[in-house]
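Me: I'm new to this one, could you walk me through it?
Reply: Gladly, let's look at it together.

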Amino acid sequence: MNNFKKPLLLIIGLLLLVLFVSVVYSSIFKTDAEPERIRYNDSGEVIGKAPFPPSLTQPMGTDKVGNDLAVRMIEGAKYTILFITGVSFLRILVSLIIAYFLVFPFKRISEWVETVFIPFKYIPGLILVLLLSPDLNEAIVQMGFWKIVLYQFFLFVFIGIPILSAVLTKESRNVLKNEYIEASNQLGASSWRIYTKHIIPVLKDRLIVTFLQQLSINLLLLIQLGVFQYFIGGSKPGNIAAAEEVVPKYLSESGEWAGMIGQGKDEFLTAPWTFFGPLLISVVFLILIKSLVNKVEDANRKI
């Protein structure tokens, strides 16, 4: 455990710091000032239109309507971190409860339930989310921002529960084969006590790995959905001009990182920084999580 405790605490601390900065900025420093969409020289002549490339004052450049990408990434960090962390935690919590019922009270029907879960192994989460979600452009008008976020949150939790429940049920059954479990049964321990005091502690490191993997899985799913203009909290118009002949473009309403990648794909060739900037931040996050997963797994193999 000590081999990965320090890196785990370091990453948790880093995420909390980013989350704190994001919340503080949004609560205190954010203004309603209109972003600079068109730049003029001293003579009043147009010298450029958004998106603007990276500079000393805007190190990540701007998006198609002039928003500073670095500021948008900071602002959207709270939605990204809270969303994927909350979804991952709730998936594991609900799956542990389901696994308990399938291993103990409802073990007679557990095989039937696990058969029902099998299709979720082969249906991509991308397809499930798109099929089960309303049209976000209409929903944001009817439901509002926070109702959409809550709907998306519980939808993400739901699509991951079947496969995770099946995995944790299998792991729990393997732990039940240990002799000390049989001894606990003979001493009259309840099934809930056996599960919480014997099975879950044995699965502790496995649950840590699962949680970290869920963080990566959820972020990757958000990135895939972003390519299809599916953003957490919905979208907002991203055109400089509202003329009918202009092809409609959209921005992420929340500014979450995956949505920033998705909205930047339209400018991939003309303004690559709008795509690669958010992508780089997301890739660094995924690498940190993967390196921590490797440390946990290496520590377990040495035990």
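**Contacts and cores**

Reply: Leaving aside neighbours within four places in sequence, Gln 214 is in contact (heavy atoms within 4.5 Å) with Ser 88, Arg 91 and Leu 164. This is a predicted model, where local features need pLDDT of at least 70 and side-chain atom pairs count only at pLDDT 80 or more, while totals for chains, interfaces and linings use all residues. Residues are numbered from 1 along each chain as its sequence is written, and side-chain values use heavy atoms, with hydrogens and water left out.

Me: ok, is Gln 214 buried or exposed?
Reply: Gln 214 counts as buried because its relative accessibility is 9%, and buried means under 20% relative accessible area (1.4 Å probe, protein chains only).

Me: and which helix is Gln 214 found in?
Reply: Gln 214 is found in helix 10, residues 204-227, where helices are DSSP runs of H or I with at least four residues, numbered from the N terminus.

Me: switching topic, how many residues has the largest nonpolar core?
Reply: The largest nonpolar core has 52 residues, and those with the most contacts inside it are Phe 83, Val 129, Phe 156 and Leu 212; such a core is a set of buried Ala, Val, Leu, Ile, Met, Phe, Trp, Tyr and Cys residues joined through side-chain atoms within 4.5 Å.

Me: what does Leu 212 contact, leaving aside its neighbours within four places in sequence?
Reply: Leu 212 is in contact with Ile 289, Leu 292, Val 293 and Val 296, with those neighbours left aside.

Conventions:
Helix = DSSP H or I, 4+ residues; strand = E, 2+ residues; numbered from the N terminus. Buried < 20%, exposed > 50% of the residue type's maximum accessible area, 1.4 Å probe, protein only.
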